Amino acid sequence: MNERTMARADFLAGVVFAVLAVAVIWGSVTMPRLAERGVHPTGAPGVVPAALGLALGLCAVLLVVRSVRAGGHRRGEGQGGVAWLVGSEGRRLGVALAITLVYALVLVGTIPFWLATMVFVFAFVAVFERMAEPDERPSLRASLIAAVALAVAAAAIVPLVFETVFLVRLP
């Protein structure tokens, strides 16, 4: 992907992430505060999503600003600003979306959360290591070792953090 196409893709992604950030913040603000149960305002269920929404919004703004400086806000030439969707970038986006949707809609709630997370991280790393450009692609053995190591670490750390730090019971 050339620099102009990347700047355009960054601009569009930044706008999408900004909209998502606003939706997350709105959803967290409209969540019940649980004041009637004596919950301190910092312990309300919407605090962490709001913080994540703010962080996502900040990253989106930074991505858009960087893209605008590179000319990504201007209409693309030739095929238009979404030409990257038809190439390998679009394929990677589709695969990432598919793996994420299988995790969120099929695995979580069907099998234990730690196992769903392990399967998701393994699949994501293994697939994307193999989708890398041939000259940047590690060996199959190295890819699988990295995928297993990251999957096991994520399966241990994510539930631990959510259940002990955020006090969120996971499905």
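How far apart are the end C-alpha atoms of α4, and what should its 19 residues span? At 1.5 Å a residue, α4 should span 27 Å, and its end C-alpha atoms are 27 Å apart, which agrees. The expected span here is 1.5 Å times one less than the number of residues in the helix.

## Before you start

This is a predicted model, in which local features need pLDDT of at least 70 and side-chain atom pairs count only at pLDDT 80 or more, while totals for chains, interfaces and linings use all residues. Residues are numbered from 1 along each chain as its sequence is written, and side-chain values use heavy atoms, with hydrogens and water left out.

Helices are DSSP runs (H or I, at least four residues), numbered from the N terminus. A residue is called buried under 20% relative accessible area, exposed over 50%, and partly exposed in between (1.4 Å probe, protein chains only).

## Helices α3 and α4

Let's stay with α4 for a moment. Its buried residues are F113, A116, T117, F120, V121, V125 and A126. The cover over these buried residues includes α3 and α5, where contact means heavy atoms within 4.5 Å.

Helix α3 takes in residues 88-107, and its 20 residues should span 28 Å at 1.5 Å a residue; the end C-alpha atoms are 27 Å apart, which agrees. G90, A96, I99, Y103 and L107 are the buried residues to look for in α3. Part of what covers them is α4 (113-131). Just after α3 you will find G109, with a positive phi of about 100°.

## Helix α2 and its serine

For α2, the 23 residues should span 33 Å at 1.5 Å a residue, and the end C-alpha atoms are 33 Å apart, in agreement. The buried residues in α2 are A50, G53, G57, A60, L63 and S67. After α2 comes G71, whose phi is positive, near 85°.

The S67 side chain reaches two backbone atoms: the oxygen of A7 at 2.5 Å and the nitrogen of F11 at 3.3 Å. Such a polar contact is a pair of N or O atoms within 3.5 Å; within protein, one must be able to donate a hydrogen and the other to accept it, and residues adjacent in sequence count only if both atoms are side-chain atoms. Leaving aside neighbours within four places in sequence, S67 is in contact with A7, D10, F11, G72 and H73.

## The salt bridge

Where are the charged partners? Side chains of opposite charge can pair when their charged atoms come close. The structure holds 1 salt bridge, a term for a side-chain nitrogen of Lys or Arg within 4 Å of a carboxyl oxygen of Asp or Glu. D10 and R66 form it through their side chains, at 2.7 Å from N to O. The pair links distant parts of the chain, with D10 in helix α1 (residues 3-29) and R66 in helix α2, 56 residues apart. D10 counts as buried, at 14% relative accessibility.

## A nonpolar patch on the surface

Which residues form the nonpolar patch on the surface? They are V48, L52, I157, V161, F162, V165, F166 and V168, with about 640 Å² of accessible area together. Patches are made of residues with over 30% relative accessible area and no salt bridge: like charges are joined within 9 Å, and nonpolar side chains (Val, Leu, Ile, Met, Phe, Trp, Tyr) within 5 Å. Accessible areas come from the Shrake-Rupley method with a 1.4 Å probe, and for residues only the protein chains shown count as cover.

The elements giving two or more residues to the patch are α2 (47-69) and α5 (140-165), and α5 gives the most, with 4 residues. L52 lies in α2 and is exposed, at a relative accessible area of 55%. V168 sits in the segment after α5 and is partly exposed, at 35%. Beyond its neighbours within four places in sequence, V168 is in contact with F162 and E163. The C-alpha atoms of V168 and P45 are separated by 9.0 Å, although these residues are 123 residues apart along the chain.

S143, in helix α5, counts as buried at 1% relative accessibility. Setting aside neighbours within four places in sequence, S143 is in contact with E129, R130 and P138.

A44 belongs to the loop between α1 and α2 and counts as buried at 12% relative accessibility. Apart from neighbours within four places in sequence, A44 is in contact with R33 and V39.
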